[in-house]
Structure formats: structure tokens, C-alpha cells
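Hi,

Here is the structure I promised to pass on.

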Amino acid sequence: MTPATNILLALATPLIGAVLIVAAHRVPNVRESVTMVTASVLFLLVASLTPLVLAGERPEVTLLEMMPGLSLKFKVEPLGMLFGLIASGLWIVNSLYSIGYMRANDEQHQTRFYVCFAGALASAIGIAFAGNLLTLFVFYEALTLITYPLVTHAGTEDAKRAGRVYLGLLVGTSIGFLLVAMVWIWHLTGTVDFQPGGILLGKAGNATVGVLLALCVFGIGKAALMPFHRWLPAAMVAPTPVSALLHAVAVVKAGVFSVLKVIIYIFGVGEIAGLKSVDWLPFFAGFTIIVASVIALRSDNLKRRLAYSTVSQLSYVVLAAALLTPLSIVGAALHIATHAVGKITLFFAAGAIYTAAHKTEVSQLNGIGRRMPWTMGAFTVGALSLIGIPPAAGFVSKWFIISGAIDGGHYLALGVLIASTLLNAAYFLPIVHAAFFRAPDAGGHEHGEAPWPMVVALSITAAMTIALFFFADLPLRLVSQLVGMRYGQ
Amino acid sequence: MISQHFPILQVVLPLIAAPVIILLRNGRAAWLLATTVSWVSLIIALALLEQVSAGGVISYAIGSWPPPWGIEYRIDQVNAFLLVLVSLIAAVVSVYSRASVDAELPREQHYLFYAMFALCLAGLLGIAATGDAFNLFVFLEISSLSSYVLIALGRDRRALMAAYQYLVMGTIGATFYIIGVGLLYLMTGTLNMADMAHRLSGVAEVKPVLAALAFITVGICLKLALFPLHLWLPNAYAYAPSAVTAFLAATATKVSVYVLLRFYFSVFGASAIFLALPMGQILLVLSLAAMFIASTVAIFQSDIKRMFAYSSVAQIGYITLGISFDSATGLTAGIVHLFNHALTKGALFMLLGCFALRLGRVSFSDIGGIARVMPVTAFGIVLGGLSLIGVPGTVGFVSKWYLVLAALESGQWWIALAIVLSSLLAVVYVWRFVEVAYFHQPDAKLAKLKEARLEMLVPAWLMIAACIYFGLDAELTVSGAAQAAATLLQGVR
Amino acid sequence: MTIAGHIAGYFTYWATIFVAMAGLYIVIARGNLIKKLVGLGIFQTSVYLLYVAPGKLIGGTAPIVAPEFQVYSNPLPHVLILTAIVVGVATLALGLALVVRIREAYGSIEEDEILDQDEPPVSPDTASRQA
């Protein structure tokens with residue numbers, strides 16, 4: 001198989017899977033097997049491209065020409081490779097988890113759930129491999145729409161309202177800002193291709209670059225930069241596997257990934273570094289980090305706390321990208337990976353707690369670690385990763401971001417990072433402490449661990465969180481290509 | 001060779017079909033004839049487009065009287081494109097109409113419906129094909145009179161008032177148009193549009209020409225329902241039979257837009273008069289008003305057909321906005337949107353007709369949870385709605401892309417923002433449908449319903465499929481529109 | 001030219017404008033559907049005048065080439081207006097037919113009474129009960 005067919009197959013696989021899932025909707029066991037197999041095939045297809053990209057190749061393929069001069073095309077570069085690997089890899093684990101969760105909680109419309117999930121993955125892969133801004137935009141919107149039924153899965157009044165916020169903000173920002181930015185870029189340069197070094201150099205003045213950056217960064221509402229972050233906590237009404245994969249991995253990571261990709265390949269890191277018109281971005285990101293952390297600290301609902309933690313962590317990536325130093329760019333890319341595995345572990349744990357103990361609030365978790373040692377153990381690993389304590393993966397990315405901040409002399413950013421680390425510790429460690437060291441509240445009903453597929457899934461992601469610390473080599477080799485660094489030589 | 005006579009056959013076939021249908025007096029035979037004629041029209045239109053693309057402008061002299069003395073049918077890139085659009089919609093709607101008309105009209109009126117349908121088609125095709133300003137008026141009235149009848153056939157008695165109001169407004173519009181043409185005739189001594197354009201540049205006295213421009217603008221804008229001259233449209237679309245709404249929404253206003261384009265660019269374009277007037281600015285302001293006000297009004301409608309009717313007014317605003325830029329990109333955007341919106345709205349109204357088939361009416365209060373019982377129809381409407389919003393992968397996105405591009409090219413970035421902001425209003429009214437259709441529990445009456453009949457669903461979904469196809473591969477439509485825009489602008493520069 | 005000269009010189013145009021405005025005024029100001037149609041008819045008639053009058057030359061004849069006639073009237077506007085009259089008649093006939101149907105359905109031909117029967121817009125609940 002040529003790399004080009006591999007790319008197209010990777011896009012088609014989840015869609016074929018979706019069709020098969022519909023076909024098998026009467027037999028849940030077959031249906032779930034299809035999901036698992038599809039996820040595995042997708043991961044293998046994506047992984048098969050990795051050696052090529054590591055070797056410096058950039059396989060590309062043009063699907064069709066949408067409008068004269070504007071085509072839907074795909075080009076695999078290191079950042080997309082990394083995102084593709086994370087999304088497809090975690091889909092396997094998440095499918096396992098979903099099976100346990102959906103069955104244990106007796107959820108409705110399970111077929112629709114799995115179909116939309118597959119569609120979301122196809123969109124995520126499309127975003128990851130997008131060869132130009134138009135393709136990215138197409139799949140970005142597709143991801144929003146296909147996840148809408150997932151967010152509103154419960155079909156209740158709450159879900160409907162959350163769906164409005166979700167769709168309103170994501171579609172509103174993308175059409176309101178990103179589309180304008182994209183057409184503007186096309187108008188200025190006659191291309192929307194992603195190119196190393198960006199395409200705007202010499203085509204747009206200082207002020208224009210500033211406005212375009214604002215349109216792009218706020219237009220990518222999935223990056224949840226304040227004040228366009230509210231869709232993320234709203235979307236937490238979705239079943240936990242949705243929150244886990246979509247709102248820890250696919251959707252939000254698609255957001256920060258897009259921001260990073262636009263900054264690297266449309267604006268050009270070195271090309272806009274030092275421009276007066278772009279130095280506002282770190283402040284917005286820093287503000288989001290701190291404020292979201294404070295809100296997380298004050299939230300008693302576990303999923304809401306995780307949601308605001310996500311908002312805050314996403315802005316790490318935006319902040320790191322906005323610092324525009326090579327080290328911070330590496331940190332930003334790595335953080336996409338490390339936060340993904342860490343946060344999915346935390347969401348899995350939250351879902352497991354809900355399934356086994358029907359508890360949703362932080363204040364109810366006293367002593368729960370004794371009944372659910374695996375779950376809470378994994379939760380602890382995830383929390384450590386988010387705080388950035390070795391030996392969890394979060395440390396690695398944070399290290400690079402901080403190095404980047406020092407490198408570029410951004411001491412305010414450094415301060416933000418330190419403060420937020422403290423805040424992270426302040427909202428995660430009490431949970432761990434309560435779970436393991438407080439006596440259980442009286443009156444709780446007896447329960448053990450969640451169903452085994454869920455426990456296995458969250459153990460795997462916890463292990464991955466640790467593994468990514470010790471074997472950070474592969475992602476580092478990938479992302480160091482982004483900034484032209486030769487890692488390990 | 002018969003292909004020489006395609007320009008006239010295009011118009012005459014449906015024109016002859018109409019009285020023949022009256023003579024047949026049989027609903028089934030009438031349907032068969034109307035459908036056949038529509039499809040033959042489509043084939044002729046495609047052949048004409050092919051001929052124009054290959055050999056340039058076709059001039060056909062009626063009765064062999066050479067223009068400018070005789071009536072000339074003149075087919076160029078612009079109206080060849082339009083002929084295809086109109087006959088395509090007619091062909092699809094005619095297939096669809098059988099089941100829909102069976103359900104909505106009493107049996108004894110069926111053959112009259114198809115006669116009027118054929119007549120309306122003849123009128124619309126005639127407007128597009130003719131190169132003579134007075135002949136255009138006649139066809140305008142043929143299509144209008146037949147559409148008043150078609151609207152009045154609606155089941156609701158309010159359809160009668162809607163038709164009456166449309167008749168009054170439409171006649172005023174057509175009369176304004178003919179006054180304008182009269183003034184032009186007085187100044188130039190010709191009714192042939194190409195000849196008129198040629199002679200206008202030599203006319204010294206500009207005041208009557210300006211008056212003519214004003215009369216024609218107002219008259220045609222009444223017909224194309226440019227805000228604030230749109231008042232007839234919502235009721236007419238809401239109460240007409242479903243097949244009529246689908247057909248008229250997709251074609252009638254579009255043909256009027258064509259007339260506007262023809263006069264602005266082909267007739268007045270070459271003379272400096274047009275440049276001296278702020279027509280662009282006036283159109284711009286009215287288009288923006290249409291986009292925002294009509295979309296906002298759409299949000300508050302309780303009848304879904306009315307909601308999409310107001311949405312049509314807003315979408316016409318996008319078309320005229322594209323024209324108002326007076327640039328190649330702007331015109332391309334306008335023409336592409338003309339095509340795209342015809343597909344989208346045609347499909348949407350056809351799908352609403354599927355609801356009407358089972359429910360009788362389509363209010364928001366009636367369709368709670370309808371997606372459970374009529375999933376295919378409901379999902380089609382969602383897709384059509386996405387196209388109205390301009391989600392990538394649908395034709396609406398292509399339109400929006402070129403509109404925004406045209407706005408940026410003209411250096412007016414705030415218009416670009418206005419375009420995208422107004423499309424967000426579409427999100428609100430489309431999502432209102434989604435929430436009602438998908439999140440409510442169907443009541444007992446609704447739960448017993450079945451999915452609409454296949455002969456209605458298939459044509460409607462064909463249009464939806466076209467919305468998606470031309471959204472992903474807009475090469476054909478965009479290059480066609482760009483050529484049409486270039487043809488129009490040739491007259492100006 | 002003096003104002004009086006203006007009026008005299010462009011007499012037919014002033015007449016046209018007067019007829020047109022009178023017709024439009026009736027359409028707008030009258031609530032009776034028949035009267036509206038009458039107004040519409042008058043409005044259309046103004047167009048006939050607009051076309052026909054300039055075609056006539058005083059002393060001109062029909063354009064039949066003959067040695068004794070030098071001045072011809074333009075026949076084309078007359079022909080055009082024949083068509084326009086046909087269109088006008090058709091419009092009027094259709095309009096009247098609609099009014100007949102409206103009277104059958106509503107029992108009235110006064111616009112405000114008819115609109116009152118359908119307004120205030122029937123609330124969705126009662127409408128579905130009626131249906």
C-alpha cells in the first residue's frame with residue numbers, strides 16, 4: 001500500500017465501521033466487536049505511517065477539488081501524526097471502556113452512540129492529517145456536528161440546553177471568526193496550504209497578522225480559550241465515555257492542535273515572533289489558565305472540576321504556542337499527548353465511580369479508594385500527571401514549556417505556570433487524600449470496582465501515562481522535527 | 001436540424017403542453033405530460049448550455065425576422081445556466097408532485113394544477129430565453145398569473161388571500177417594469193435588449209433613462225422579493241401547495257434576479273448612467289437589512305413553511321449582496337448562491353411537503369418528535385438546514401466563501417463579518433427545528449404516522465444529495481457562475 | 001419653457017402620471033377587494049397611454065407606403081399595447097375569480113374583515129384541535 005492509500009483508508013475505516021455498526025445494531029456483541037476491530041485497524045493504519053514521517057517524509061494525497069484552487073487534501077506531518085496516534089490509540093481503550101459503561105448504566109440509543117463515535121474519529125483523523133486550512137475547517141465543523149448527538153445523548157431538557165451552548169459557541173466562533181480568517185488568508189496569499197514557515201510572510205502587515213491571529217485563535221472555539229470556553233463544561237452532561245474521549249482527547253485536542261498547526265504552518269513561529277501585534281495572546285492564555293483553575297478548585301461536581309481543569313490545561317498548549325520559542329512549541333505539542341492520556345484516565349475514573357457508586361460530587365468521595373483501589377490508583381496517576389510530578393507524563397511537557405518560557409524570557413508566563421501548578425495540586429490532591437485516607441461516610445451502599453472493561457481501560461491509560469514519561473522518545477522525535485531540532489543526535 | 005430550434009422549443013413545448021393538458025382533463029395523463037415536458041425541457045436546456053459553452057452566444061430569430069426588428073431569443077452563458085436550473089427544478093418537482101398533489105388537492109383540480117405548472121414553467125423559461133424586453137414582460141405575466149393560480153390552490157383558505165395579495169403586488173411590479181421599458185423604448189426606439197444597450201450609450205438625455213432604471217429596479221425587486229418589497233412572499237409560500245412552494249421558491253425569485261442582472265449589466269451596464277447612481281450602495285443596504293431582519297423574523301415563526309419562507313427573503317439578500325459588489329467575485333458569488341439556494345430551498349420545501357402529506361400542516365407544535373416516525377425526511381431537512389447555515393460540505397459553504405471573499409476584495413471587512421453573523425441567525429432557526437423534531441416525544445397521533453412516500457422522498461433527497469455534491473465539488477457551479485459573471489461584466493468594461 | 005408650456009407640451013405624460021397615481025392610490029387606500037382591482041386596472045391603463053400616445057403623430061397615418069402620405073404613426077406601440085391589454089384583462093379576470101373564491105370562503109370582500117377572521121393568528125394548540 002502506498003502512503004496515500006493509507007491516509008485515505010485511515011479516513012474511510014471509521015466510516016466503514018459506522019456503517020457496519022448500523023448493520024449490526026440488533027446484536028450488541030457483534031456491534032461492539034465491530035467498534036473494537038475498527039478502532040484497532042484505524043490505529044494500525046495510522047501507526048503504519050509513523051516510520052515514514054519519522055524519516056522525514058510527508059506523504060500527501062488530494063481527495064478532490066472543492067472550489068477552483070481549493071482542494072480537500074491531506075498531508076501527514078509530525079504534529080498531525082502525533083495527534084492521529086493519540087486519537088486512534090485512545091479510541092481502542094475508550095471503546096473498551098464504553099462497552100462497560102454503556103451496558104452497566106443501561107444507556108439508550110447505544111447504536112447511535114457508537115456510530116457518532118466512529119464519525120467523530122473520522123473527523124479527528126481528517127483534522128490531524130489536513131493538508132490545508134480548508135480541509136481542517138471542513139473536518140473541524142464535521143466534528144462539531146457529529147458530536148452534537150453525543151453531547152445531547154440523554155435527550156433531556158438539560159442535554160438540550162447544553163447542546164445549544166455547545167453548538168452555538170463552536171459553530172458561532174468557527175463560522176464567525178475562523179471562516180473569515182481563512183477567506184482573508186486566501187485573499188491575501190492565494191493559498192490556504194499548511195507550509196513550514198507559514199504562508200503570510202511578506203503578504204500581511206503587522207496589524208493584519210494580529211487581527212488574523214485573533215480570528216484564528218478565538219475562531220477555534222474548541223481550544224476553549226476564555227471567553228469562549230463555556231461549551232466545555234456544558235458538554236459534561238454527556239455520558240462519561242463521551243467526555244473522556246471527546247472532551248479530553250478528540251474535540252478539545254482538535255482545538256489546540258488546530259491552534260498549534262495554524263501558528264506553525266500558517267503564521268510561522270519564527271516569522272511572527274517578536275511582532276508587536278501578537279504579544280497579547282500569552283496574556284489571554286495565562287488568564288484562562290489561572291481563572292479556570294480557580295473555578296475548578298471551587299467546583300464540587302467531579303466532572304465539572306475535570307472540565308475546568310481541561311479548560312486550564314488547554315490554555316497551557318495555547319500559551320506554549322504563543323511564546324513562539326522552539327522549546328515551548330515542542331512543549332505544546334507534547335502537552336497535547338501527555339494531557340490526553342492523563343485526562344482520559346481521570347475521566348475514566350470519574351465514570352467508574354459514577355457507575356459503581358453513583359457518586360458525582362467530590363465531597364462524596366471519602367474513603368472510596370479502599371473500595372475501588374484500581375480506579376483511585378489510576379486517578380492518582382492522572383492527577384500527578386496533570387500537576388506535573390514525575391514519574392507521570394505531564395512532567396515532560398511541562399518541563400519543555402517552562403524551559404521555553406525561560407528561554408524566551410517570558411517570566412510572567414513562568415509565574416502563571418508555577419501558580420497553576422500549585423492550583424492543580426490544590427484541586428486534585430484533596431480528592432486523592434480523601435479517597436485513601438479519610439474514613440468512608442456512613443450510610444453508603446456496598447459496592448466494589450466498576451465492571452471489568454472499565455477497570456482494564458483506565459488501568460491501561462494510567463499505565464500509558466507512566467509509560468509516556470519513560471518512553472517520551474517517540475513523541476519527542478516527532479515533534480522536534482517541527483522546530484527543526486535534531487533530537488538525539 | 002432540430003437542435004437549431006432548441007431556443008424556441010425550450011419555451012414553446014411547455015407552452016403548448018398547458019392547453020393540451022386542459023383538453024386531456026385527466027389527472028394521471030396530465031401529470032405524465034407535464035413530467036415529460038419538464039424532462040424534455042431539461043434535456044434541451046442542457047443541450048443549449050453545451051452549445052453555448054462550445055460555440056458562444058446563440059441568437060434565434062423568431063419567425064425568421066432578424067433582430068432588432070423581430071423578437072430575438074438570445075442564449076448566453078448567463079441564461080443557459082438559468083435555463084438548466086429552472087428546468088432541472090421543474091423536472092424534479094414534477095416527479096415529486098404526483099403524490100403530493102394527490103394528497104393535497106381534490107381530484108377534479110389535478111389536471112388544472114399540471115396545466116398551470118406547465119404554463120408557469122413556460123413563462124419562467126421564456127423570461128430566461130428571450131432577448132426582447134417586451135416579450136420578457138409577457139412571459140413575466142404568464143409565469144405570474146399561473147403562479148397566482150397555483151398558490152390559490154392551497155388547502156388553507158388563507159391561500160386565497162395570499163394569492164390575491166401576490167396578484168396585486170405582482171401586477172404593480174410588472175406594471176412598473178413595463179413603464180420602465182416604455183421609457184427606454186421612447187429613448188432608444190428599440191425593445192431588443194442587446195440593441196438597447198448599444199443605443200443607450202448614445203442617448204444624451206439621461207433623466208428618462210434614470211427614471212426607467214428606477215421603475216425597472218422597483219418592479220423587478222417586487223418580483224424577486226427584495227427586502228422591504230417581500231411582503232407577499234411569506235404568505236404565498238406558506239399557504240401554497242407543497243409542490244408549488246418547492247417549485248416557486250427554487251425558481252421564480254431566481255428568474256427575477258436574472259432579469260435584474262440582465263438589465264443592470266447587459267442593458268444599463270455599458271452606459272455611464274449606471275455608474276453615476278449609487279445602485280450598489282442601495283442594494284447593499286437593502287441586502288444587509290434582508291439578511292438580518294428576515295432571518296430574525298424567521299426565528300419567531302410558528303409555521304415551518306413560513307419560517308423557511310422568511311429564510312428565503314434573507315437568502316435572496318445574499319444573492320443581491322453579491323450583485324451589489326459589482327465585481328467579478330461578487331457576481332460569481334451571487335450567481336452561485338442563486339443556484340445553490342435554489343437547490344437547498346427546493347429540497348427543503350419538498351421535504352416539508354412530506355410532513356404535510358402525513359400531517360396536513362407543518363407547525364412546530366405539530367411535529368414534536370417527528371424524527372422518530374419520519375427519520376428520513378427529518379434528517380433531510382437537517383442537512384438542508386446545514387446548507388442554509390453554510391456548513392462546509394454543503395453548497396451553502398461555497399456561496400458563503402465567495403461572498404466573504406468578495407466582501408474582503410472590496411475592502412469592506414465589516415460586510416464579511418455581517419455575512420457570517422447573519423448566517424449564525426440561520427443556526428438559531430434551523431436548530432429550533434432540530435430540537436423540536438429530535439428531542440420531543442411524539443404524541444399518540446404522531447406516533448402512528450409512517451414515513452412519506454418514496455416517490456416524494458427520492459426527488460427531495462436527490463436535491464439534498466445535489467446540495468452535498470455541489471458543496472464538495474463546486475468546480476462545475478463555480479466555474480459556470482464565473483463565466484456567467486464574466487459575460488455580464490463584458491457589457492460593463 | 002414656462003410651467004404652463006411644460007404642462008401643455010408634455011400633456012400626455014401628465015395625464016399618464018395622473019392616471020397611474022390615481023390607480024395606485026385606489027389600490028392602497030381601498031379595503032374593498034373589488035375596488036382594489038379596479039384601481040389596479042386604472043394603474044395598468046396609464047401604461048397603455050404611456051405607450052400609445054408618443055406613437056401617434058398628429059396628421060400621421062398608418063404606415064402604408066403610398067405617394068400621398070409622408071408622415072406615418074409608429075404602429076409598434078399599438079401592437080404592444082394590444083398584448084398588454086390582453087395581459088391586463090387576464091389579470092383582472094383572475095383577480096375577480098379569486099375575489100369570488102374569497103367571498104365563498106370568508107363571506108366578505110373587505111380586506112380588514114377577512115384578515116380579522118384569521119387574526120390573531122390561531123394559537124398552535126387550538127389550531128391542532130380544529131384540525
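Pro228(B) sits in the loop between α8 (207-224) and α9 (232-239) of chain B, where helices (H or I, at least four residues) and strands (E, at least two) are DSSP runs numbered from the N terminus. The peptide bond joining Phe227(B) to Pro228(B) is cis, with omega at about 0°. Chain A has a cis bond to look at too: Pro390(A) and Pro391(A) are joined by one, with omega about 5°. Pro391(A) belongs to the loop between α15 (373-387) and α16 (394-407) of chain A.

Before you go further, note that this is a predicted model: local features need pLDDT of at least 70, side-chain atom pairs count only at pLDDT 80 or more, and totals for chains, interfaces and linings use all residues. Residues are numbered from 1 along each chain as its sequence is written, while chains are lettered from A and ligands numbered from 1 in the order in which they are written.

On confidence, pLDDT is the predictor's confidence in each residue, from 0 to 100. Chain A has a mean pLDDT of 84, and 98% of its residues reach 70 or more. Within chain A, the lowest confidence is in helix α10 (residues 269-272), with a mean of 78, and the highest is in helix α5 (residues 133-151), at 89.

His358(A) is not a glycine, yet has a positive phi of about 55°; its place is the loop between α13 (326-357) and α14 (368-371) of chain A. Asp326(B), also a residue other than glycine, has a positive phi near 55°, and is in the loop between α13 (304-324) and α14 (328-359) of chain B. For burial, the rule is that a residue is buried if 20 or more other C-beta atoms lie within 10 Å of its own, exposed if 12 or fewer, and partly exposed in between, with C-beta atoms placed from the backbone. His358(A) counts as exposed because it has 12 C-beta neighbours inside 10 Å, and Asp326(B) counts as buried because it has 21.

Now the chain contacts (two residues are in contact if their C-beta atoms, placed from the backbone, lie within 7 Å).

The contact between chains A and B takes 26 residues from chain B and 24 residues from chain A. On the side of chain B, the elements giving two or more residues are α17 (395-409), α18 (413-439) and α21 (475-490), with α18(B) giving the most, ten residues. That side of chain B has 18 nonpolar, four polar and four charged residues. Chains A and C share no contact, and their closest C-alpha atoms lie 21 Å apart.

Chain C has six helices and zero strands. Of its 131 residues, 21% count as buried.

One helix pair in chain B: the axes of α3 (residues 77-104) and α21(B) come within 7 Å and cross at roughly 140°. Axes are lines fitted to C-alpha atoms, for helices over the stretch in contact, and angles run from 0 to 180 degrees between N-to-C directions. So α3(B) is oblique to α21(B), given that angles under 35 degrees count as roughly parallel, over 145 as roughly antiparallel, 65 to 115 as roughly perpendicular and the rest as oblique. Among the residues making this contact are Phe81(B) of α3(B) and Leu488(B) of α21(B).

Last, a buried spot in chain A. Leu245(A) is in helix α9 (residues 240-267) of chain A, and counts as buried because it has 29 C-beta neighbours inside 10 Å. Leaving out residues up to four places away in sequence, Leu245(A) touches Leu90(A), Trp91(A), Asn94(A), Ala250(A) and Ile344(A).

Cheers

Methods. Ala, Val, Leu, Ile, Met, Phe, Trp, Tyr, Cys and Pro count as nonpolar, Asp, Glu, Lys and Arg as charged, and the others, Gly among them, as polar.
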